[in-house]
Protein chains: 2
Amino acid sequence: MVNYSTSEEDYIKAIYHLQSHQQTVSTNALAAEIKTKPASVTDMLKKLKAKKLLHYQPYQGVKLNAEGLRIALDIVRRHRLWEYFLAEKLKFGWNEVHEVAEELEHVGSKKLIDRLDEYLGFPRFDPHGDPIPDHTGKMAIKTQVRLTELPLNITAKVCGVADQSTQLLELLKHRSISIGTNVEIKKKFGFDHSLEIKMRNTPVFTISEHAAQNIFVNYEPEN
Amino acid sequence: MVNYSTSEEDYIKAIYHLQSHQQTVSTNALAAEIKTKPASVTDMLKKLKAKKLLHYQPYQGVKLNAEGLRIALDIVRRHRLWEYFLAEKLKFGWNEVHEVAEELEHVGSKKLIDRLDEYLGFPRFDPHGDPIPDHTGKMAIKTQVRLTELPLNITAKVCGVADQSTQLLELLKHRSISIGTNVEIKKKFGFDHSLEIKMRNTPVFTISEHAAQNIFVNYEPEN
DNA sequence: AAATATTTTTAGATTCGCCTAAATTTAAAA
DNA sequence: TTTTAAATTTAGGCGAATCTAAAAATATTT
């Protein structure tokens, strides 16, 4: 088991995240993500290719290989476990955890992370609702999504909020939305991305994209 | 408030520790402590002097100034709080915590450390019995002595052993004594210098002088 | 006090990760 | 299909932290 530098880990993680949207990642996209210059990215890609962590041909974009993916999942695991710890145990707000976890995630000890996982009760989702890979790299199927991601006409259950602010809680209370409430999206408005929501025993109402983004729901994905 | 690199912090911490033994620290001693070469030490000392963290004249050794000391205490605080966390919450053995804490201590966030401190209940000593500086840099006075030296009827905390042999550890295990256990001497027998020990929730028992000599405890002297 | 040994510093390279500017390749437009 | 634009790579440098080898300062012996 090799050890990777903080920079290398940052690149691997960034490629991993970008890969989920485009299946091949461009030098420019990576540079933007890492907040560095394209020339620096090229240098690092050559290095990571030499270490056999990714597929890379000049001008043709980059993609993690199996080993790169394994490492990426390990970094993501560390990051999200720390986020969970910060929010759950140290009472950090959901919006404060990312920055600190960004530093903690680079502490390598496998034992540390596995013990932390156990201490936290093997949580499956971080405070943002993203799944936490287990010690083998497996993640729960993301039955948990932001309300904005919920497909039309599928009933889902509210299971949490990303933003603990009083304002959001006030809004939810006004709409009688709480943990466990079943909701369904009837319509999505392209103009402002607001959503038309249907709940049992209440008339249809609309909710802003901003609010919907901070509400987590889970549902059965129909494979 | 400036930020220091991992290397700079390692040097500051090493100087701090060496200072407690010799009051001026030599280049060679520092090189040995950091596991680097004297030439590298000289380079770093020039840099830290430029940053006004220490007193240094070529060939004359080095010493932290007030600002350097402040930073050192902050690093020590981070290190020992993480050690406490690892031992107390993640059930690491007291001999495993140092290495991992060595990495965690460089995570800078002030808020993280203060929250961690609070979460842990503002512990005053780490698992080795060393005092943890509070957020202002103040530490409890530590009186660490062999169990044989502990005054009668004063509660002290086991903080280490002089002899790591399996035999001693077996004896300690049998008596349910581990790092952090509170003990009190009820009686000292002049004949063989054995001691009568009282611990919470267990009946009084006796321990030989030989064993007691290899157990370190610390207690707060009653000024 | 002179000679020798030890410690410490200086000089000059090396690796890592980053940068700017210029050259090259690929993609898009006319 | 040229031409133009955009993306990407190469070339050459820079700062941080380290190293080796050689020079300089300090300590120790004789």
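## About the model

Residues are numbered from 1 along each chain as its sequence is written, while chains are lettered from A and ligands numbered from 1 in the order in which they are written. Since the model is predicted, local features need pLDDT of at least 70 and side-chain atom pairs count only at pLDDT 80 or more, whereas totals for chains, interfaces and linings use all residues.

## The surfaces near the DNA

Around DNA strand D there are 20 residues, and the closest are A:S26, A:N28, A:A39, B:S5 and B:A39; here a residue is near a molecule or strand if its C-beta atom, placed from the backbone, lies within 6 Å of it. Two or more residues each are given to this surface by α2 (27-34) and α3 (38-50) of chain A and by α1 (6-19) and α3 (38-50) of chain B, where helices (DSSP runs of H or I, at least four residues) and strands (DSSP runs of E, at least two) are numbered from the N terminus. The largest share, five residues, comes from α3(B). By class, the surface near DNA strand D has seven nonpolar, nine polar and four charged residues; Ala, Val, Leu, Ile, Met, Phe, Trp, Tyr, Cys and Pro count as nonpolar, Asp, Glu, Lys and Arg as charged, and the others, Gly among them, as polar.

DNA strand C is surrounded by 19 residues, of which the closest are A:S5, A:A39, B:S26, B:N28 and B:A39. At least two residues each of the surface near DNA strand C are supplied by α1 (6-19) and α3 of chain A and by α2 (27-34) and α3 of chain B, and α3(A) gives the most, with five residues. This surface near DNA strand C divides into seven nonpolar, eight polar and four charged residues.

## Where the two chains meet

Twelve residues of chain B are in contact with twelve residues of chain A, contact being counted if the C-beta atoms of two residues, placed from the backbone, lie within 7 Å. On the side of chain B that touches chain A, α5 (97-104) and α6 (110-119) of chain B each supply at least two residues, and the largest share, four residues, comes from α6(B). Sorted by class, this side of chain B has seven nonpolar, one polar and four charged residues.

## Two helices that cross in chain A

Two packed helices are described by the angle between their axes and the distance between the axes. In chain A, the axes of helix α4 (residues 66-88) and helix α5 (residues 97-104) come within 8 Å and cross at roughly 130°; axes are lines fitted to C-alpha atoms, for helices over the stretch in contact, and angles run from 0 to 180 degrees between N-to-C directions. The helices α4(A) and α5(A) are therefore oblique to each other, as angles under 35 degrees count as roughly parallel, over 145 as roughly antiparallel, 65 to 115 as roughly perpendicular and the rest as oblique.

The contact is made by A:H79, A:W82, A:E83, A:L86 and A:A87 of α4(A), together with A:V97, A:H98, A:V100, A:A101 and A:L104 of α5(A). By class, the contact of α4(A) with α5(A) has seven nonpolar, two polar and one charged residues.

## The sheet of chain B

Strands of a sheet pair through backbone hydrogen bonds, either parallel or antiparallel. In chain B, six strands form an open sheet in the order β3-β8-β4-β5-β6-β7, and the pairing is antiparallel; two strands pair if DSSP finds at least two bridges between them. The edge strands of chain B are β3 (143-146) and β7 (205-207), each of which pairs on one side only.

Four bridges join β3(B) to strand β8 (residues 215-219) of chain B, and B:Q144 stands opposite B:N218 in β8(B). Strand β5 (residues 182-188) of chain B is joined by two bridges to strand β4 (residues 156-161) of chain B, while β5(B) pairs with strand β6 (residues 195-198) of chain B over four bridges. β5(B) and β6(B) form a hairpin with six residues between them, and B:H193 in the turn has a positive phi of about 60°.

## The sheet of chain A

In chain A, six strands form an open sheet in the order β3-β8-β4-β5-β6-β7, with antiparallel pairing. Strand β6 (residues 195-199) and strand β7 (residues 202-207) of chain A pair over four bridges, and the bridge partner of A:M199 in β7(A) is A:T202. β6(A) and β7(A) form a hairpin with two residues between them, and A:N201 in the turn has a positive phi of about 60°.
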